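Me: I am new to this structure and would like to go through it step by step. Could you answer a few questions about how it is put together?

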2 protein chains.
Amino acid sequence: MVDHPDVRLRVRYQLTCAAGEDPFAKARDIAVEQTVELPEGCFSEHVEELVVGKVEALEERGDARWEVVISYGLVVIGDELPQFLNVLFGNISLKAGVRLTGIELPPALLSTFAGPRFGIDGMRELCGVGERRALLCTALKPVGLSAEQLAELAFRFALGGIDIIKDDHGLANQRPAPFKERVERCQEAVTKANGRTGAASLYFPNATGPISGFEERLEFVRAAGCKGVLLSPLLMGFDSVRYVAALSGLAVLAHPALAGSFFHDDAGIAPEVLLGQIFRLMGSDGVIYPNAGGRFSFTEIVCEAINAKLRERLEPLRRSFPVPAGGIDAGKISKWVERYGVDTIFLVGGSLYAQSDLEKASRELLEKVSRI
Amino acid sequence: MVDHPDVRLRVRYQLTCAAGEDPFAKARDIAVEQTVELPEGCFSEHVEELVVGKVEALEERGDARWEVVISYGLVVIGDELPQFLNVLFGNISLKAGVRLTGIELPPALLSTFAGPRFGIDGMRELCGVGERRALLCTALKPVGLSAEQLAELAFRFALGGIDIIKDDHGLANQRPAPFKERVERCQEAVTKANGRTGAASLYFPNATGPISGFEERLEFVRAAGCKGVLLSPLLMGFDSVRYVAALSGLAVLAHPALAGSFFHDDAGIAPEVLLGQIFRLMGSDGVIYPNAGGRFSFTEIVCEAINAKLRERLEPLRRSFPVPAGGIDAGKISKWVERYGVDTIFLVGGSLYAQSDLEKASRELLEKVSRI
């Protein structure tokens, strides 16, 4: 990577100060904690200059809150994703009143971490949807069904024209539908349906699992004819997405399982940073998030912020698809397409399952998004 | 794994109800969300019986808080660590007012995930400290020093008798001290010091990094003569620890970088569950956590709870060392040994660095813990 001393990673944090707490000291503490992690006076001037973060700006925001910008030299990060995350928020996650609210990604980091392999344009090509319409995704579930039963669901969804049929993120390697059997059956079913419809519906199995055997698992998925996988980065590790994007030729839909732990007003990482910036940088072609108005608690403003970060022009990083989910009502899909635009994959699950004829329900959903 | 229908994983959550929110409905929602993730009525009785979590108990705790126990059939978990974490807290991390506060681990899961390879007894053997004294650990830092400079520090610490000398968790593969050069130099330095002292100080390099090359990295560490590694599970993935414990023959010290995002009063995962139960189950021989009274915000009660979970008798799972850290004052070490007991590894960093003679400072610290 380009490790020029003038190129720095600029990171924005929101500080919430306790009574009597000095925001300047709190800002300097972050700059030290995230880099040298030593008491003042225990490191040389050379290390101060080369390594310690620099407080670039500090502004009061009211309500005991301050916004600070700290810049880090790229030499501290090196070329590995885990250490990048560590510099952003590793130790200070353990301190009160610090929230990561923004990252300015310098070009050197964009080429180091490379991002999505397919992105919005590549995913449209994979799905054979050149036209300007939103894409549709659904999930195979629940755990407890056999591979054959899941494959039958996949077949119905594909006949109905759903673009991406993914495993539920809770389908791992359980007894009722072991991974390999499930992947083969479901892909066969989708291929068969594509033969009838002439469309190119895709099946994305959940490849989240142990590190041991990951490469073989991806090889198996590819050999079965799948073009992409579902991964839960918080369950398996952020680097698992980078690994797939960089090395496997497969597309990645990233799932936010466990990520909710990061979302707090005065702590953690802002959703648009974690799901919009970090998930994209590590290589997600699409990022699933809980849509406003569904079963979870994001507001529409947060959802729009995630969408904006995923689609932001940031050459040479490809743009990622937002994948709102978590209780999207098939009956209200038109409203959401108008709100979020066509460069969106809508993940509709329960609302299709609640209808008796999955094929018909899927087709009606497709017609709705195609009309907009 | 034993997948007997009567054996279930029992999990405790604290619910914080918003005005008008029904705790019974909230409890049932967790049981459904974490398993079938479908609207009521969209799954069969067979799936309800086999898969859906069961609300076993629900008690009011005052202040709009309730404690619920939900049990999950092991068939939902299978035999993979990421899915175990997903069942515990995957999707519901994204819902407001749910906090994971306890796990009752059934024997079947203890044999599936196996836990630490060395544990407290094995680590004592590795360090050659059979006597009943607390162990000492320190960290090589900061980023920015050359491999040679870090090795010189390691040499001084080992001469002074520190049991485990680990890399700072921010030492990855940066230019000033690339991974391989650092590992070889530091291990050489510690071996040389051991030759003089007759002790068996250990050097644990930070093996946190990309998934690609992980196996080779561990092989390199072993070939260099190291007996263990440092890993940050939240940066690299929980399964990285299990992988090392199960397959590499190396011991693991786990670092809590990024883990602070989980610790909130009404959300996230209780520290003793994440650091005490989950970090142990996945295979950490020692778990580093921010001690009370240091730079971070844990109370002593929380620290004692973590200690208790790490050391709890739970055959055949080995017991893990608590490794309190984050600003332990060398001058107050006796107090902490008396408080936490000898089955503790004390990680003292800055407070040694603040003294000019590292060897002497280390020796004095060792004398203090040996007297207790």
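Predicted model: local features only at pLDDT ≥ 70, side-chain atom pairs only at ≥ 80, totals over all residues.

Me: Which element of chain B gives the most residues to the side that touches chain A?
Reply: The contact between the chains involves 70 residues of chain B and 71 residues of chain A, and the chain B side divides into 37 nonpolar, 24 polar and 9 charged residues. Several elements of chain B supply at least two residues each, among them helix H2 (45-50), helix H10 (233-236) and helix H11 (238-247). The element that gives the most, with 6 residues, is H4(B).

Me: Through what surface do the copies meet?
Reply: The interface residues of chain B can be compared with those of chain A, and 100% of them are also interface residues there. The copies therefore meet through the same surface.

Me: How is chain A divided into domains, and which strand gives the largest share of the side of domain 1 that touches domain 2?
Reply: The domain assignment of chain A gives domain 1 (8-112) and domain 2 (119-370), and their centres, taken over C-alpha atoms, are separated by 33 Å. The contact takes 15 residues from domain 1 of chain A and 15 residues from domain 2 of chain A, and the residues on the domain 1 side divide into 9 nonpolar, 5 polar and 1 charged. Helix H4 (81-89), strand E4 (98-104) and helix H5 (107-113) of chain A each give two or more residues to that side. The largest share, 6 residues, comes from E4(A).

Me: How many residues has the largest nonpolar core?
Reply: In soluble globular proteins, nonpolar side chains tend to be buried together. Here the residues with the most contacts inside the largest nonpolar core are Ala154(A), Phe346(A), Ala154(B) and Phe346(B). Leaving aside neighbours within four places in sequence, Ala154(A) is in contact with residues including Leu140(A), Ile165(A) and Tyr203(A). The number of residues in this core is 267.

Me: Within what arc do the buried residues of H9(A) fall?
Reply: In helix H9 (residues 214-223) of chain A, the buried residues are Phe214(A), Arg217(A), Leu218(A) and Val221(A), and they pack against helix H8 (179-197), strand E8 (228-231) and helix H11 (238-247) of chain A. The face turned away from this buried side carries the exposed residues Glu216(A), Glu219(A) and Ala223(A). The buried residues line one face of the helix, because, seen down the axis of H9(A), they fall within an arc of 95°.

Me: Which residue just after H14(B) takes a positive phi?
Reply: Helix H14 (residues 333-340) of chain B has Ile333(B), Trp336(B) and Tyr340(B) as its buried residues, and these line one face because they fall within an arc of 60° seen down the helix axis. On the other side of H14(B), Ser334(B), Lys335(B) and Glu338(B) are exposed. Just after the helix, the residue that takes a positive phi, of about 90°, is Gly341(B).

Me: Is Leu258(A) buried or exposed?
Reply: Most residues other than glycine have a negative phi, and most peptide bonds are trans. Leu258(A) is not a glycine, yet it has a positive phi of about 75°, and it lies in the loop between strand E9 (251-254) and strand E10 (268-269) of chain A. Because it has 25 C-beta neighbours inside 10 Å, Leu258(A) counts as buried.

Definitions and conventions:
Residues numbered from 1 in each chain as written. Chains lettered and ligands numbered in written order. Contact = placed C-beta atoms within 7 Å. Core = buried A, V, L, I, M, F, W, Y, C linked by C-beta atoms within 7 Å. Buried ≥ 20, exposed ≤ 12 C-beta atoms within 10 Å, placed from the backbone. Domains from an automatic or database assignment. Helix = DSSP H or I, 4+ residues; strand = E, 2+ residues; numbered from the N terminus. Nonpolar A, V, L, I, M, F, W, Y, C, P; charged D, E, K, R; others polar. Arc of directions from axis to C-beta.
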